[in-house]
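Open your viewer and get ready to click along. We will go from stop to stop, selecting a few residues each time.

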Amino acid sequence: MTTITPSPTTTKSPSARATNTLSPTTTATPPATTRVTPTNTIVPTTSASTTSPTTPNTTYCAYIMTMTITKSNTEIEDEEEKQVCSVAINECSDEHTEKDSPYYSACQKYLENQICGISAFKETDCRLTITDLKCGSLITEHKLVLGVRGSDPSGILIGSAGKVIRDEIKDGSLGALAIDTTSFNSTFKGNVREPKSTKKPPQVEFNVYVIVTMEYTWYEFCKIKEHFRETIASRSYDMKGKKLKTTDIFIVNSETNCAMPADKTKEGIDVWLVALGSDADKVTIQIGNDLKDLLDSRQLTKLGNLFEDRVKF
């Protein structure tokens with residue numbers, strides 16, 4: 001049984017059983033917000049003897065940092081960027097480290113959230129850009145730009161931001177990421193101009209899922225998960241007619257279930273499947289329609305013997 005369903009908005013981990021229908025649904029667009037500006041504003045006057053307070057200028061400085069991420073903690077529930085980045089960490093290949101891949105963007109966004117979220121930086125403007133990403137666990141080189149306005153108790157403007165981060169990761173963790181602390185290196189590059197507003201990496205949002213109900217336990221399925229992704233990718237195409245790669249297929253709910261299978265004997269699981277990349281929702285719907293056609297025409301043999309008798313009608 002397969003179904004295409006809109007992404008849940010209230011929970012990260014799907015628990016509801018799939019229905020017997022497979023039809024794309026349209027997610028509602030949130031209403032635009034309107035900013036109300038008062039029409040009658042009283043502007044205070046300043047006397048000659050009154051001195052207006054001045055706002056301290058913001059001074060920016062840059063650091064080049066490297067660190068090796070060894071794994072992602074699957075027991076910590078986090079945003080979708082963390083889930084996608086975890087795939088790059090745990091299954092790293094050249095495709096995961098390409099700058100235009102969703103994995104690269106997801107890792108940059110998650111790493112920026114963790115580093116810029118350090119309490120010592122809370123009064124600063126903080127931007128992080130990954131400049132290089134390599135396999136070998138996951139080796140990151142990134143540029144960190146911090147802006148300080150007023151006092152600088154953490155010594156950010158004199159090159160001490162690296163020490164702040166080193167103290168933060170001294171237990172070997174940064175959020176859900178496990179860090180090789182001996183790999184961390186920071187080079188202070190001095191003052192820089194105010195960074196231009198850069199285009200944010202695309203948000204990793206799953207609006208549509210394909211749910212495949214299979215007669216496997218999670219323990220069994222996780223052993224053949226990569227083969228399943230390869231099988232789906234081998235018969236799927238993007239909107240330009242280009243065949244998908246295995247890394248374009250993401251199983252949303254496999255990370256936690258494969259890390260800690262709840263029951264190694266109970267068969268009957270819902271596998272939540274999405275496509276990644278441009279036009280992801282449309283491609284996901286295409287994949288769902290293709291699987292539905294195989295179900296309706298009783299041609300599941302095209303999925304191979306590992307899956308033909310395991311998909312429920």
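Which residue lies over the face of Tyr 216? Select Arg 310: it lies there at 4.3 Å from the ring centre. A charge counts as over a ring if NZ of Lys or CZ of Arg is within 6 Å of the ring centre and within 35 degrees of the ring normal.

A word on the model: it is predicted, so local features need pLDDT of at least 70 and side-chain atom pairs count only at pLDDT 80 or more, while totals for chains, interfaces and linings use all residues. Residues are numbered from 1 along each chain as its sequence is written, and side-chain values use heavy atoms, leaving out hydrogens and water.

Next, select Trp 218 and Phe 221. Their ring centres are 5.8 Å apart and their planes at 80°, so the pair is edge-to-face (centres within 6.5 Å, planes over 60 degrees apart, using the six-membered ring of Trp). Both residues are buried, meaning under 20% relative accessible area with a 1.4 Å probe, protein chains only.

Now for the largest nonpolar core, which has 46 residues. Such a core is a set of buried Ala, Val, Leu, Ile, Met, Phe, Trp, Tyr and Cys residues joined through side-chain atoms within 4.5 Å. Select Ile 115, Phe 121, Leu 144 and Ile 165, which touch the most other members.

Last stop: a second, separate core of 26 residues, including Val 210, Trp 218, Ile 249 and Leu 273.

Terms used. Rings of Phe, Tyr and Trp (its six-membered ring) pair if their centres lie within 6.5 Å; planes under 30 degrees apart count as stacked, over 60 as edge-to-face and the rest as tilted. Buried means under 20% relative accessible area, exposed over 50%, partly exposed in between (1.4 Å probe, protein chains only).
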